[in-house]
Amino acid sequence: MSLFTPLPKMPPIAATNTAPSLIDLLLAEQQTLPAVQRFAAWHDEHEQACQVPAPHAAYRSLIPLTTPGPGEQYAFEVDLDACSGCKACVTACHSLNGLDEHETWRDVGLLLSNDERPSLQYITSACHHCVEPACLAGCPVKAYDKDPVTGIVRHLDDQCIGCQYCILMCPYDVPKYSHSKGIVRKCDMCRQRLAADEAPACVGACPNQAIRITTVKKADMIAAAASGDFLASAPDPRQTIPTTRYISNELTPVAQQSWQAADAAHVKPAHAHWPLVVMLVLTQASVGVLLAERILSFATSTHSLILLIIALILGGAGGQTAALHLGRPFGAWRAWLGLGTSWLSREIVVFGAYSGLLGAAVGLEIAFTRGWVERTPLTACVTSGLEWTALLLGIAGVFSSAMIYAVTRRPSWNLLRSGGKFFLTALVCAGLAAAASHGEFWFVAIGLAVTKLLYEVMCNWHSLDMYGRVSDFYSPLGQAARLVRGPLERLQALRTAIGCISIGAMIFTAAISSAGTNDRLALIAAAIVAVLVIAGEMCERTLFFTAMSAPKMPGGVAT
């Protein structure tokens, strides 16, 4: 008997006028061998073949015998009806690749039917080796490579700086961050084993042969993704065009809508990314302060060295804080490599140029003040040009920051929400800087602060009906609303309270400034307002990251 021939059919039961009994069915089923016994029988019958230098012969039917042709690539094929959820594939992958304790490159989830016939379906998934991998496009250091022959998307560990942006870009939660190594890693389809005609770890470990490697045509995968033919409760395949093929008699295209992930109702706050929270707030505050300085200099024909220095310090501190988010910060200098495809590369390059030009402008202004360099029409023009160019780069940097999250195609991070919050942060800080320099601008600062707070409320109220209930319970925006009204309710209340207090403090400071009786008290009040505003923006930016339901493949009940 061959291991890979179809299971023998049950012996026919003698025709009677009545249906076969349960005993008859069980006796007939016992005459077939389970997968493990069939595998052992195969080795017993082919003992001599197993002793030759080609022990992979037992798995030849689970991997392609030839390399992909033009327009083709390797892909996983999963027979969901054969998957029992035993997680042998997870264990084998973990053991062969030497993964960390809580690191997994292959996961097993669960789908539940929500129709009148209750049933469940286990889902095993790893990297889908997409036709258009988002991880590759988003990586700022080109740490991903798609093999032109096999189509395997592999991660280059020595190139990775641990920025984790590929984790945000991938809609299937495939790349995993290794804290011990400070880099991201992922499934590469055991390409070394495939090159030696051996089956990948997960394929060889599955006792039911539910996983195999096959060759697919990219054009067919593009057409399937365009029609939405992938897997129930999985992210939209049009984002990256995954190549994994899921085969099932239960999960037919017609029945896709009746299945739901077992963890669809379970939401939990996402990672806060504290270094990114600080970086975003400080860089946007820096651009806002520089904007205020440029507006005031244009209106009054005078330069404010203090505002320029504050903008430089804020921008520099934000840039340095971002390095704390990297697993390998000393490799950050290579972030320009992905300039053609990655918005993260563009943000890093733009803000780097912004800090350099702003630093040069501050240096010239200090030289003018100290008398080291004479302020002539030429030197003044050069300084002004540096400051205006730095401002334009700062605005481009804020836009790049918004695009970093918008291109992930997560509804909570679309360009309207991300860009609106980021630019309003810069404008609030601009209004505050202008008001601290010239008291008559406090009404502008108050108006901008109120606008920012109302905009946040509008964004957080996106999935609530007129009665305050979540209207679309399972949608990404609905899950975000449930997070804000659940685990993150206190943080949201804190952000609202700080925002209201800062507005009240602005009104108080405006009254002191208009009276003009105590300039020192007005300056102290302005400093307190600045601290409150920055604290409120930190809370808002923390909610930006945590109140977001990340897309992923269907998970289990306990996840």
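**Pockets, cavities and charges**

Author: Let's start with a volume: the second largest pocket takes up about 620 Å³. Keep in mind that this is a predicted model.

Reader: How does the lining of the second largest pocket divide by class?
Author: There are 16 nonpolar, eight polar and one charged residues in that lining. G319 is among the residues nearest the centre, and Gly counts as polar under the scheme used here.

Reader: What lines the largest cavity?
Author: The lining has 15 residues, with K421, N460, L543, F544 and A547 nearest the centre. At least two lining residues come from each of α14 (415-437), α15 (442-460), α16 (476-484) and α18 (519-546). By class, the lining of the largest cavity has seven nonpolar, four polar and four charged residues.

Reader: Which side chains make a salt bridge with K452, and how do you know that they qualify?
Author: The test is a Lys or Arg side-chain nitrogen within 4 Å of an Asp or Glu carboxyl oxygen. E537 and K452 come in at 2.6 Å, N to O, so that pair passes the 4 Å cut-off. E537 sits in helix α18 and K452 in helix α15, 85 residues apart, so the pair links distant parts of the chain. K452 also bridges to E540, with the closest N and O atoms 3.3 Å apart, so this pair passes too. Here again distant parts of the chain are linked, K452 in helix α15 and E540 in helix α18, 88 residues apart. Through shared partners, salt bridges join K452, E456, R495, E537, E540 and R541 into one network.

Reader: Are those side chains buried or exposed?
Author: E537 and K452 are both buried, and K452 and E540 are both buried as well.

Reader: What about D188 and R191: why is one called buried and the other partly exposed?
Author: Buried means under 20% relative accessible area, and D188 is at 13%, so D188 counts as buried. R191 has 32%, which falls between the 20% and 50% limits, so R191 counts as partly exposed. Their side chains meet in a salt bridge at 3.6 Å, N to O. The count by this rule is 19 salt bridges.

Reader: Last one: what is the confidence of the model?
Author: The mean pLDDT is 87, and 87% of the residues reach 70 or more. Residues 1-11 stay under 50, and the model gives them 23 contacts beyond four places in sequence. Residues 52-57 are also below 50, with five contacts beyond near neighbours in sequence.

Technical notes. Residues are numbered from 1 along each chain as its sequence is written. This is a predicted model: local features need pLDDT of at least 70, side-chain atom pairs count only at pLDDT 80 or more; totals for chains, interfaces and linings use all residues. Side-chain values use heavy atoms; hydrogens and water are left out. On a 1 Å grid over the protein atoms alone, a cavity is a set of points where a 1.4 Å probe fits but cannot get out, and a pocket is an open set with protein on both sides within 12 Å along at least five of seven lines; lining residues have an atom within 4 Å of a point. Helices (H or I, at least four residues) and strands (E, at least two) are DSSP runs, numbered from the N terminus. pLDDT is the predictor's confidence in each residue, from 0 to 100. Contact means heavy atoms within 4.5 Å. Buried means under 20% relative accessible area, exposed over 50%, partly exposed in between (1.4 Å probe, protein chains only). Grid points are joined across faces, edges and corners, and a volume is the space filled by probe spheres set on the points.
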